[in-house]
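Please look through the sequence and the model below before reading on.

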Amino acid sequence: MQEECGYALALMRVPGIGSRRIARLRERFGSLEGAWHAPWSALSAMPGLGTPALAALEACRKSPDALRAAFRDVAAYAERGLRLHLADDPRYPPMLREISDPPAMIVARGELDLTGPMVALVGTRAATAYGLRTARRLGMELAERGVTVVSGLALGIDAAAHAGALEGGLTAAVLGSGLDHVGPSRNRRLAETIVARGGALLSEYPPETPPAAGQFPARNRIVSGMCHATVVIEAPRRSGALITADLALEQGRDVMAVPGPIDQLQSEGTLALLSQGAKLVTGVDDILSELPVTGSRAGGRIPSAAGIPADLPPDEARILSALGPDPRHPDRIAAEAG
């Protein structure tokens with residue numbers, strides 16, 4: 001697998017050879033090693049590669065150091081604690097493998113299991129206090145129940161969702177750059193905390209790749225593609241979060257939205273989603289009821305359909321069922337729980 005990662009990295013560094021073309025090469029030649037060493041006649045006969053990409057690939061194949069450098073870097077990444085997952089790696093996010101253009105390789109920093117249940121929480125950078133509060137609460141409550149919260153490490157809703165998840169369990173941040181260029185700078189401490197507490201930073205780009213505008217929309221397809229559902233918490237009508245929601249729909253994932261005040265710019269996108277049929281989210285149970293998951297995992301419990309963890313003792317289950325989103329007096333809880 002590590003050898004195949006070396007060929008993947010070499011191909012990713014060829015201008016014009018992206019994830020889709022790497023997937024085609026692997027399908028045609030059986031492996032990326034086979035593609036790299038394939039005869040020129042076989043490569044040039046492949047539809048969909050294009051003359052500029054073929055010329056760039058041939059130039060890299062003739063370079064004495066291109067492949068050597070890729071293998072050297074794969075070994076160096078491993079020494080730094082970076083994990084490389086190709087699409088057929090059992091540790092590659094399984095739902096991401098199903099989308100039309102899955103990343104050829106995922107670079108991960110952190111020990112998070114990427115195969116468990118995941119939900120994306122996304123929204124605007126210019127969030128209101130209500131949006132930040134809601135993102136943090138939903139992130140925490142999902143993580144408490146064993147769901148990994150996925151977002152993009154941006155300011156605003158993304159950061160609040162990650163921070164909330166850290167209070168309850170696990171979270172993964174997908175970057176629009178290589179892992180050597182974590183940004184924005186204000187969230188670098190948050191990124192370090194995510195890794196330190198068992199979460200992960202993820203990217204489809206080699207670690208040395210700097211951020212670029214076109215890479216962030218591509219990042220959004222990973223955020224939605226990894227997850228059973230995408231929840232938009234706050235978003236104006238022109239928002240990257242709505243791009244993520246559109247991608248989720250194209251990928252056959254559930255799209256949900258949190259309602260907000262009708263006179264707030266940050267609510268225009270979410271209210272539009274709700275009018276188009278997105279599921280209304282007023283609490284964590286609205287999300288959990290749509291997840292096809294059972295059992296438990298480290299970092300929290302997966303609830304039953306009623307929102308109560310199946311392994312709770314009866315007394316605790318009655319107390320939990322008496323709780324609500326707003327503060328309640330202990331006497332009232334005791335009366336309802338018996």
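## Strands and their pairing

Two strands are said to pair if DSSP finds at least two bridges between them, and the elements themselves are DSSP runs numbered from the N terminus, with helices being H or I over at least four residues and strands being E over at least two. This is a predicted model, in which local features need pLDDT of at least 70 and side-chain atom pairs count only at pLDDT 80 or more, while totals for chains, interfaces and linings use all residues. Residues are numbered from 1 along each chain as its sequence is written, and side-chain values use heavy atoms, with hydrogens and water left out.

The protein has 15 helices and eleven strands. Nine strands form an open sheet with mixed pairing, in the order β1-β2-β6-β5-β4-β3-β7-β8-β9. At its edges stand β1 (82-86) and β9 (279-280), and because each has a single partner strand, one side of each is left without a neighbour in the sheet.

## Strand β3 and its surroundings

Strands of a sheet pair through backbone hydrogen bonds, either parallel or antiparallel. Here β3 (residues 118-122) and β4 (residues 148-151) pair in the parallel sense over three bridges, and Met 118 stands opposite Thr 148 in β4.

Is β3 enclosed by the rest of the structure or left open? Five of its five residues are buried (under 20% relative accessible area, with exposed meaning over 50% and partly exposed in between, for a 1.4 Å probe and protein chains only), so β3 is largely enclosed. In a regular strand the side chains alternate between the two faces of the sheet. In β3, Met 118, Ala 120 and Val 122 are buried on one side, and Val 119 and Leu 121 are buried on the other.

## The chain as a whole

Buried residues make up 54% of the 338 residues in the protein. Along its principal axes the C-alpha trace spans about 80 × 45 × 35 Å. Among the contacts (heavy atoms within 4.5 Å) with a separation of 6 or more, 69% come from residues 24 or more positions apart.

## Cysteines

A disulfide is a pair of cysteine sulfur atoms within 2.5 Å, and a search of the whole structure finds zero of them. Cys 60 is in no disulfide, since the nearest cysteine sulfur, that of Cys 5, is 18 Å away. Cys 60 is buried, with a relative accessible area of 19%, and Cys 227 also counts as buried, at 0%.
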